[in-house]
Each structure stands twice: as structure tokens, then as C-alpha cells.
Amino acid sequence: MITPTVFRVLLSPVLAAAAMAMSSVSVVTNALRLRGFRRPSSAREILHPSLRSIVGDYAYLAGIGVLALVVGAGALALGGSDPMSGMSGMSGTERPAITAAEAGVNARPVLTGALVPGSTVRIAYRFTDARSGAALTDLRVEHERPVHLIVVRNDLSGFQHIHPAPTGAPGEYAVDATFAAPGTYLLYAGFTRGGGQDIVAREEIVVGQPSSTASLTSSRVPVLAAPDVRVTLDAPGPVRAGAESRFVLRLEDPRTGSPLRDLASYLGAPAHVVILDERAGSFAHTHGESTGASAGHAGMATMQGPYGPEIEFHHTFPRPGPYKIWGQFQTADGRVITADFVIDVR
């Protein structure tokens, strides 16, 4: 995607291609109109053109405008299944993620093993078309994995970011997980189909006994994510529902205060960020970028770093209230570290 840094406007490459084509058409057709050019006989004719001349000019402009709209609409219609079309969620571009039900996909996991604390459970997803029952074989690899599974207890603790892998059976992906404590767990499986649509499948399970929902208190205190990594979260502007907010994550060595400038790419991005509201009703999985970067997430997917000390991300919160934010990073020596914060959205 094309992401201007000033206004952060996202333009589909399909529309960009259509605009380029129409630019060429308008230039060529306007040049061809010169074949009918007749030199004015006087200055008065230039200052006061005939009605026929005025109508001809405006008819040309209107025709080009209508043709541009038709080409743009056709490009969007034909580009709906293009792998380069806009997305959000996993790939971080413009089309919002939808639920599995909205996408017409069956995506309920099958768990094998005892659902008790400390036991290893196999979580298997078989993605199928809700109408035909046919297995989905068009899942795309986004941020180095076809499926990203976020597991968190409903009190918003016990965070895990794991990745079901293909089992060899059509449309089936599985991973082993361990639930350390009893409680109600939420599973958010995010994946992207070949047409570019991001999908999130939500499932709720109980390990041992149910747990209560979260009661969050705003906290932006720097987090000691590891003995040698301290993470702070800053929002340079007001955080309001319905408006895009910019956040900056800063990483430094707590022992010396020195900024960390050697972070490695983690799953194709400087950072992965997960956001949940207090009741776990609003879920988002987005990605960080180097502060001041001009490329969108798709461009960052091929970058390997190093990154730091500041990584920014952008998010629009759907409603006021407290939200929990997890940021994940990879250190130069390959460790994946997680820092979490709570913010209040006005």
C-alpha cells in the first residue's frame, strides 16, 4: 500500500493503477483535440469564445470525468480478489478484519487433551467454507505465518502469541499450547484468505474452572520486560474513541538508560501489538513500524532491522473505556519479549 507520512492516507494500488491509466488517457485525448485547433481571428474571440467552443470544452472534461469513474469502479470490482488489494488486521492495511461468521467460514477449534492447568493441549483448526463444507486452501502467509493465534485469559492475563502450522490435511492447522492457570480463556485466530480479507475467529474455553472478566486500571508505568529491557508507552496526542491515535514504544537498558537500537524483526515487523478492551469484546492485532517510517506494513514485511529505540503504531479505538495493550519485540539475540500497558480512551 502507499502510505503518505503526513496524513497517513492509504491508497489501494488498484485505484493507483486506474488513476495512472486515466492520466495517460486524458493527456493523449487532449493532445488529439489539437488536430481540430483553429487559430482565433482576434483577441475578442479568445476573451469571449463561442458557446459551441465552451460546450465542447466542458463536454470533454465531463466525458473524461465519467470515464474515470467507470474505470475506477471497474478496477475496484475486478481487483476485489487481487492479492494486492487492501487489508487490515494481520497485514495492517485498509480493509478491516471481519469475523469468521461474516466471512462465511467455519473456524471452530478442536482441542485434544485434558483442559487442566499445566497440561499440554493440542489446538487444531480446520477452516472450511460454511456453505459447501470445502476445506479452505487459500490461506496466505502473513507476517511469516498462515495463522496467528492469540490466547489470553478473560481477566486479560496469561498472554500467548502462537502459530498453528499446517498438518498436511487440507485446511487444517494445529499447535500445542499449555494453560498455566485455571480460568476462562479467549482464543483469537487471525488469518488472511487469498483475496486479501483478514478474518478473526473467536473461541472461548474453560480450563479447570471459569474466571471473572477484567477490571482494568490505567497504567503506563515503564515495564521491565526483561532484566536488560525496559519498555515505555507514550501517546503524543489525546486518545479519543473514533479517532486514530499514535503511540510510541521506547525500549532501553534499565541498568544504564541507554536506548536499544539493535532490535531484530519479529515475524516480519519491528513489533506486534495486540489490543483488547476491558470486556474482551474489541480485538485488534496490528504491527509497529520505525518512528517516521514512510512505508506501510506490507513494505516492512521484508525488512530485517535493526530497529529501535522507538517503534510507533497507530490505532482507532471503537469506543471509550479502558484497553489493554501488549507489545512484542525480538532482541538482537533472538529473545521475544512482551510488555503490557493499560490506557483509558476518552
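**Close-up views of a predicted model**

**View 1. Phe 247 and Phe 313 are both buried.** Buried means under 20% relative accessible area, exposed over 50% and partly exposed in between, with a 1.4 Å probe and protein chains only. This is a predicted model, in which local features need pLDDT of at least 70 and side-chain atom pairs count only at pLDDT 80 or more, while totals for chains, interfaces and linings use all residues. Residues are numbered from 1 along each chain as its sequence is written, and side-chain values use heavy atoms, with hydrogens and water left out.

**View 2. Two aromatic pairs are shown, one tilted and one stacked.** Rings of Phe, Tyr and Trp (its six-membered ring) pair if their centres lie within 6.5 Å; planes under 30 degrees apart count as stacked, over 60 as edge-to-face and the rest as tilted. The count by this rule is nine aromatic pairs. One of them is the tilted pair of Phe 127 and Phe 191, with 4.4 Å centre to centre and 35° between the planes. Phe 127 lies in the loop between β4 (120-126) and β5 (128-129), and Phe 191 lies in strand β10 (residues 183-192), 64 residues apart. Both of these residues, Phe 127 and Phe 191, are buried. Phe 247 and Phe 313 are stacked, at 5.0 Å centre to centre and 15° between the planes. This second pair also links distant parts of the chain: Phe 247 is in strand β14 (residues 244-252) and Phe 313 in strand β17 (residues 310-316), 66 residues apart. Strands (E, at least two residues) and helices (H or I, at least four) are DSSP runs, numbered from the N terminus.

**View 3. Four rings form one aromatic cluster.** Its members are Tyr 125, Phe 127, Tyr 173 and Phe 191.

**View 4. Eight strands make up an open sheet.** The strand order is β12-β13-β14-β17-β16-β15-β18-β19, with antiparallel pairing. The edge strands, β12 (223-226) and β19 (336-345), each pair on one side only. Two strands pair if DSSP finds at least two bridges between them. Within the sheet, strand β15 (residues 271-277) and strand β18 (residues 321-330) pair in the antiparallel sense over six bridges. Asp 277 stands opposite Tyr 323 in β18.

**View 5. Arg 250 forms salt bridges with Glu 252 and Glu 310.** A salt bridge is a side-chain nitrogen of Lys or Arg within 4 Å of a carboxyl oxygen of Asp or Glu, and the count by this rule is 15. The closest N and O atoms of Arg 250 and Glu 252 are 3.8 Å apart. Arg 250 is partly exposed at 27% relative accessibility, whereas Glu 252 is buried at 14%. Between Arg 250 and Glu 310 the closest N and O atoms are 3.6 Å apart. Arg 250 in strand β14 and Glu 310 in strand β17 are 60 residues apart, and their pair links distant parts of the chain. Glu 310 is partly exposed, with a relative accessible area of 33%. Arg 230, Arg 250, Glu 252 and Glu 310 are linked in a network of salt bridges.

**View 6. Arg 319 forms a salt bridge with Asp 277.** The closest N and O atoms are 3.5 Å apart. Arg 319 lies in the loop between β17 and β18 and Asp 277 in strand β15, so the pair ties together parts that are 42 residues apart in sequence. Arg 319 counts as partly exposed at 43% relative accessibility. Asp 277 is buried, with a relative accessible area of 9%.
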